[in-house]
Every structure is written in C-alpha cells, then in structure tokens.
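Q: I'm new to this one. Can you walk me through it?
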Amino acid sequence: MATNRSTARLVRFAIFALGLLACGYILSTGSSFSTGPSTAQTAANVDKAAGNVDKAAVPANEASVPAAAKPKTNENVASNGERMKATFVTLARNSDLNSLLGSIRQVEDRFNSKFHYDWVFLNDQPFSDEFKAATSAIVSGTTKYGLIPEEQWSFPDWIDKEKAALAREQMKEQKVIYGDSIPYRHMCRYESGFFWRHPLMDEYEYYWRVEPDIKIYCDIDYDIFKWMKDNNKKYSFTITLPEYKATIPTLWDTTKQFIKENPQFLNDNNLMEWISDDKGETYNGCHFWSNFEIASLDVWRSEAYRKYFDHLDKAGGFFYERWGDAPVHSIAAALFLPRDTVHFFNDVGYYHVPFHNCPVDPEVRLAKKCVCNPQEDFSWKGYSCTAKFHTINNVPRLKGWENFAD
Ligand SMILES: Nc1nc2c(ncn2[C@@H]2O[C@H](COP(=O)(O)OP(=O)(O)OP(=O)(O)O)[C@@H](O)[C@H]2O)c(=O)[nH]1
Ligand SMILES: [Mg+2]
C-alpha cells in the first residue's frame, strides 16, 4: 500500500512538473514566434500602460466595418510617441477585391503590421459587404469606406460629350492604352482633383496610395510617414518614366498658360529642369508614377494646386485627351514644391506591372530582407527619369547603380 501511495504521489508530481514544463514551453515559443516588438510597438504599449492612447481617434464610422472583422487598435504611434495623422488610400471597384488583397497583405507584412495606420477605400459604387469584410480582416488599422459623389465621377456640364466621344474613337484607332475608356478618364480626373477632398481624408496629413496587384519587395522597419515629416518631405516616389505623348497633346500648353497667369505659384527652387529640357518651352514627359505615392495632403490642398486643377479641368483634357493623374501630379509637384521636398525611396522595393524598383545595392537588399531581382530594376535604365532626378539634385545614388544602367 505504502508503495502504491508513494507511486501515486510520484505520478501526481510528474504530472505537475510536466504541466509546468508545458507552460514554460508555450510562453517561450510564443515570444520566439513573434517578430519582436518594434520601437513603435514598445512605445505604444508604454503609452497604453500609461493610459495615453488617443481614444478620440476611433472614427465614428467604425460601425460600418462588418462585425466579422477583428477590432482595431490604435497603436500607430511613432517611436518618440508622436502619433502621425496618416492613412493608406485606395480607389477601387468591388471587382478589384482579389487583386487588392495581395497588395494589402504585402503592405501589412512589410510595414503596417508594426504601425497599424488606417486605410481609406474609395469607390464610385457602394462597397459590397464582401469587400468590406475581406479588407477589414487583413488591415491592422481602422478601415473606412467612402462613396464618391456623382458630380466627381461624371462629365462636368462644360464638357462637349460629342467632342469627347470623337476623341475616344480616334484614340481607339491609334491603339492608345485605355484610349476609349470613360471610367479610366473619371479615375484619372478623380485621382487628380478629388480623392484628397473626400471627407474621410480630412483628418489626415499624409497618405500612401496603394493599387491592386502591386508588390512591396523590402521591409520598411521605420515609420515612413514620420520620416517624411521629420525630413520635411512633401512628395515621394519609387518609379519615374516619360508619359505617352498621345495622351497629353495639350497638357503642357495648358500648364504654360496657367503659369503665365499665375507666376506667383512657381517655387523659386522648383524642379522645372526635371520635367523640361528647354527651360519650360516643352514638356519632356517625365513623371512620378503615381500608383505609388507617399505625400503630404497639403500639396493638393494648396491654393496653387486647387487653381491649377480647376484650370486643367476647365480646359477639358481629362476627356478630350486622356490626361493621367501621374503627369498632372508630377507637373504640379515639380513646379510648386521646393525641389528638396521631393524624395526618391530607394529602399522600399516596389512593383506595378510592368516596372520594378529593386534596390541594386546588395547591402540594402540584405538589410531590408528584399525579395526581388536587381537585374529587373528600372531605376537606372535609360528610359527612366530617376537618374536625371539624382543628377540635377546632386543626390547620391545607390552603390553599384552603374552596373544596372543600360
Ligand atoms: N472605383 C473605381 N476604381 C477604379 C476604376 N478604374 C480604376 N480604378 C482604380 O483606380 C486605380 C488605377 O486604376 P488602374 O486600372 O490600376 O490603372 P493603371 O494603373 O493605369 O493601369 P493598370 O496597368 O491596368 O494597373 C486602381 O486603384 C483601380 O482599382 C473604376 O471605374 N472605379
Ligand atoms: Mg494600376
């Protein structure tokens, strides 16, 4: 009996010890599987512990996120505790959902899972419940869904629709990409003149535009919005190229007319040299590829840009030609901003069909855990305008760039 009792005690002790060991294992495995707190998360947790999290930042329309979505936190606090007023913004159709989820996943994995910035989705049609559920399930910040007012996604009354239809027909014959598309034109006009005016954007100072089917190749382990602010950057890009001239036959003349009537808006230290090879006589087509943009909303909210957009809009080129938001944004940024407030992100790694930005310096690729082929990098190729941006601004290039030029 005594043997039985001590055996039972031994068994109980063994079970207890095993339990302790299991708890220890679970705890240690949990921490070793986490990516490790970023300085921002640490700061956020410290702030939370101190009761400093900004509760007022929870938007009123949070209820529009389906119940299935997980609750959102408010940890987008920069490393020194400063909370940035920044958001992602995506214009999309419900049918873009599956192409968009891959983009969001990459942005989250490479950046936003550490910072939890909000994400604003805009659409000319109401977003479906499926779209809202799927996007809010993978965005780590608060998601917001905005409907575009019809007057911002239709022909303005001063546009001659027959003239516009003839222009589309001609462009179709010339095989201009999206040349015969009406929605594409509304999209370009909206991205030029209206996304930044949507009430959901009012509370923000910076935005990052994200499109379906893009890739982010490298880790972004710092708060990129805070970096923009701390370094006094207003507009940033990853890829540049010349615009297809058939889409903008009169854009530059219309711009020159605006400058002549409003010379006060030209910045003394502007980037005219980057967009014109003959001191402003003609446009060389160079533009920042606006499917990626991290910028200050103040660039578009400025009097200069509002007036410039109105001038372009009245001229009708969004419909009589096929002016893109990329050249429109780029010309405005180049003319109205001091050149040192425009920044090339050489460490982000980005792809939108068909161009890649892959940091050509192997040290950068390793440090940022990039997954891209530098042979495919477009930055230093002859057709890109990025080398010229570096030359005229005397900005140092990534190590080894010359091995990846044409
Ligand atoms: N709501 C809405 N969004 C649109 C529409 N057309 C385009 N978009 C969005 O506007 C952005 C730009 O459109 P894209 O079709 O990607 O244009 P693009 O980048 O010039 O062309 P791609 O090479 O096809 O990507 C994307 O975020 C699209 O999801 C539309 O008719 N309605
Ligand atoms: Mg696109």
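A: A definition to begin with: a nonpolar core is a set of buried Ala, Val, Leu, Ile, Met, Phe, Trp, Tyr and Cys residues joined through C-beta atoms within 7 Å. Keep in mind that this is a predicted model.

Q: OK, how many residues has the largest nonpolar core?
A: The largest nonpolar core has 89 residues. Those with the most contacts inside it are Phe 88, Phe 195, Tyr 206, Tyr 207, Ala 332, Ala 333 and Tyr 350.

Q: And which helix gives the most to this core?
A: Helix 13, residues 325-336, which contributes eight residues.

Q: What is Phe 88 in contact with, leaving aside neighbours within four places in sequence?
A: Its contacts are then Val 107, Tyr 117, Trp 119, Val 120, Trp 208 and Val 210.

Q: Switching to helix 4. Which of its residues are buried?
A: In helix 4 (residues 129-138), Phe 131, Lys 132, Thr 135 and Ser 136 are buried. Viewed down the helix axis, these buried residues fall within an arc of 110°, so they line one face of helix 4.

Q: What covers the buried residues of helix 4?
A: The cover includes helix 3 (97-115), strand 2 (118-123) and strand 3 (143-147).

Q: Now ligand 1. Which residues come nearest?
A: Of the 13 residues around ligand 1, the nearest are Ala 92, Asn 123, Pro 183, Met 187 and Glu 211. Strand 1 (86-91) and helix 6 (182-193) are the elements that each give two or more residues to this shell.

Q: How do the residues of the shell around ligand 1 divide?
A: Six are nonpolar, three polar and four charged.

Terms used: Residues are numbered from 1 along each chain as its sequence is written. Chains are lettered from A and ligands numbered from 1 in the order in which they are written. This is a predicted model: local features need pLDDT of at least 70, side-chain atom pairs count only at pLDDT 80 or more; totals for chains, interfaces and linings use all residues. A residue is buried if 20 or more other C-beta atoms lie within 10 Å of its own, exposed if 12 or fewer, and partly exposed in between; C-beta atoms are placed from the backbone. Helices (H or I, at least four residues) and strands (E, at least two) are DSSP runs, numbered from the N terminus. The arc is that of the directions from the helix axis to the C-beta atoms. Two residues are in contact if their C-beta atoms, placed from the backbone, lie within 7 Å. A residue is near a molecule or strand if its C-beta atom, placed from the backbone, lies within 6 Å of it. Ala, Val, Leu, Ile, Met, Phe, Trp, Tyr, Cys and Pro count as nonpolar, Asp, Glu, Lys and Arg as charged, and the others, Gly among them, as polar.
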